[in-house]
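This report concerns helix packing and backbone geometry in one model. Please consult the sequence and the structure below.

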Amino acid sequence: MELPAEVIRIAEYIRDMRIRGAGRIARAAVHAMKLAAAAYEGHDRRDFLEYMERVAQLLKSTRPTAVSLPNAVNYVMVRVRSAKTLKDAIAAAVRAADEFTSLSLRAVETIGRIGAGLLEDGDVVLTHCNSSAALSVIKMAFREGKRLKVYATETRPRFQGLISYRELTRAGIPTTLIPDSAVRFFMKEVDKVVVGADAVAANGAVVNKVGTSMIALAAHEARVRFYVAAETYKFSPATVLGELVTIEERDPREVVSSDILASSPHLRVRNPAFDVTPPEYIDAIITERGVIPPKAAILVLKEEYGRMLEEELTRITLDIEDSAYPAQLP
Ligand code: RUB
C-alpha cells in the first residue's frame, strides 16, 4: 500500500523545517504514524508491519540529529511489533502515538516547573535558537513572579531566535534580540544561559543548534551558569555503544543566496546545523525527572532504555561470536 499523502507531507515539513525543534519533530512523527495506522486498508498483520516500517523509515530519514525523532518512532514501533493481531497492532500504534504526545507535552511542562527553581528574581537569561523546553523554564519562572530579562540570539542562518523573541515577548518578558556574534559582548550582563537539546549523549555531551558550544565557552569564561533543558527522550541510547550523533549539514543556500552562489563558482560554504557542547561546560541538565549533572546522563539512559540496551548488547555479542569465532575454529 502507498503511504498516505498526509504522512509524506509531514515528513517533508520536518525535512524543510516547517516543523522544527526536537520535541515538535518527535510529536509530528508520532502523529504521522497514527495517521498512517488509521489509514491502513489491508487485512494482514505482517503486511501492516512492513507498511509501518516504511513509515518509520521515511520519518527517521528526514533529519539526522534530533534523537527525539528515532526515539519517538521506536516508542510506537516497539508496541506495534509486539501486537498479536492486525486489529491490536493498529490500536497499539494509535494508542502509543497518543501516549507519546501527552508524555512529551507533560515533560516540557514539568521541565518548566523544575527549571524555574534555578532562576532567581532579577536574572538576565540568555537563550539560543528556539527551544520549547528552554522557553518553558523561562516562562514558568516569570509566571512565578521572577522579574527576568532575556537575550535571545538571532540564530543564523534560519533565525529561530525571532520565534523565541516573539514567544517571550507575548508572555510579557522583556526580550532583546542580539546577533550570535555578540554573545561574548553581552555575557558580562548575563546571569544564566538556558538552552535546549537535540540529543544528549551517554557522556553528558549535548548536541544543540550550532553556536551553542561557543555560548557555553563564553559562559564558562565569564563564570555564568549554563543549563540545558531536555526531555529524557532526547537522550541517545546509541551513544552508550559508542555511536556518535550525526550532525546535519544543510543547504549552503541557507547561508548565502543562490545568486551569490551562482556568481561565485569558487565560493565554498559549509552549513552545519548543530554542534556538540562537552559536559565540562554544562552545569546541569534539567529533565522531567529532575535536575542532573551531565555526567549522570548514562544513568538516565540505563533507566529509560535498560532492557533495550541489554538486548542490543546481547545482539552485538552474538554477532561478534557468529562472525569472528568460526573462522578460527578447526
Ligand atoms: C532546534 C534546536 C532546539 C532543540 C530543542 O533546531 O536546536 O534548541 O531542538 O528544541 P532546528 P525543543 O530549528 O534546526 O530544529 O526544546 O523545542 O525540543
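Which residue with a positive phi follows α1? Methionine 17, with phi near 70°, comes after that helix.

This is a predicted model, in which local features need pLDDT of at least 70, side-chain atom pairs count only at pLDDT 80 or more, and totals for chains, interfaces and linings use all residues. Residues are numbered from 1 along each chain as its sequence is written, and side-chain values use heavy atoms, without hydrogens and water.

Helices are DSSP runs of H or I with at least four residues, strands runs of E with at least two, numbered from the N terminus. In α1 (residues 5–15), Val7, Ile10, Ala11 and Ile14 are buried (under 20% relative accessible area, 1.4 Å probe, protein chains only). Because these residues cover an arc of only 100° around the axis, they lie on the same side of α1; the arc is taken from the directions from the helix axis to the C-beta atoms. Their cover includes α2 (22–39) and α3 (45–60).

The axes of α2 and α3 are 10 Å apart, at an angle of about 155°. That makes the two helices roughly antiparallel (angles over 145 degrees; axes are lines fitted to C-alpha atoms over the stretch in contact, and angles run from 0 to 180 degrees between N-to-C directions).

Proline 157 is found in the loop between β2 (149–153) and α7 (161–170), and the peptide bond from arginine 156 to proline 157 is cis, with omega near 0°.

Notes
Buried < 20%, exposed > 50% of the residue type's maximum accessible area, 1.4 Å probe, protein only. Contact = heavy atoms within 4.5 Å. Parallel < 35°, antiparallel > 145°, perpendicular 65-115°, else oblique.
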